[in-house]
Amino acid sequence: MRCQFFALTGHYALTVQQIEILRSHSDWNSAYVNQSPYAEVHGVPVAVFGIAGYALLVALALLRRRTLTVYAAGIGLAYAFYLANIQAHILHVWCAYCVSSLILIILITFLAFGDMIFAHTSDASR
């Protein structure tokens, strides 16, 4: 979740005029991605959705709501892939925070899905 906080602070860190100066010929530029038109949904930074999503996943996991955790993680994974597609095919530059968040949500999704499957099989064997 720390990467989402960094992305949120990066969203407000620089003015829009400075983006092109920072847009070197590198494939990695978090400031450019975090201040692009795709960094907000109806005026709300995408990082806020990430923070809320990770908080929801923590709450669901602590409440042992396995099925809801898998669904929430799946939605988060789908949205992370959507954002990765924007970075790869529209912006042509990657955000380190976004990529680390993508890796994290992939791990959470697989772990939540595995937990749901193995919890179901261990309950059935009792």
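Trainee: Which helix does Ala112 lie in?
Mentor: Ala112 is in helix 6, residues 96-124; helices here are DSSP runs of H or I, at least four residues, numbered from the N terminus. This is a predicted model, where local features need pLDDT of at least 70, side-chain atom pairs count only at pLDDT 80 or more, and totals for chains, interfaces and linings use all residues. Residues are numbered from 1 along each chain as its sequence is written, and side-chain values use heavy atoms, leaving out hydrogens and water.

Trainee: Is Ala112 buried or exposed?
Mentor: Ala112 counts as buried because its relative accessibility is 10%; buried means under 20% relative accessible area, with a 1.4 Å probe and protein chains only.

Trainee: And what does Ala112 touch?
Mentor: Leaving aside residues up to four places away in sequence, Ala112 touches Thr69 and Val70 (contact means heavy atoms within 4.5 Å).

Trainee: Switching topic: at what angle do helix 4 and helix 5 pack?
Mentor: About 160 degrees, with the axes of helix 4 (residues 46-62) and helix 5 (residues 66-91) 9 Å apart. That makes helix 4 roughly antiparallel to helix 5, a label for angles over 145 degrees.

Trainee: Which residues of helix 4 make that contact?
Mentor: Val46, Leu56, Leu57, Leu60 and Ala61, and on the helix 5 side the residues include Leu68, Thr69 and Tyr79.

Trainee: Which residues are buried in helix 4?
Mentor: Val46, Ala47, Gly50, Ile51, Tyr54, Leu57 and Leu60.

Trainee: What comes just after helix 4?
Mentor: Arg64, with a positive phi of about 60 degrees.

Definitions and conventions. Axes are lines fitted to C-alpha atoms, for helices over the stretch in contact, and angles run from 0 to 180 degrees between N-to-C directions. Helices (H or I, at least four residues) and strands (E, at least two) are DSSP runs, numbered from the N terminus. Angles under 35 degrees count as roughly parallel, over 145 as roughly antiparallel, 65 to 115 as roughly perpendicular and the rest as oblique. Buried means under 20% relative accessible area, exposed over 50%, partly exposed in between (1.4 Å probe, protein chains only).
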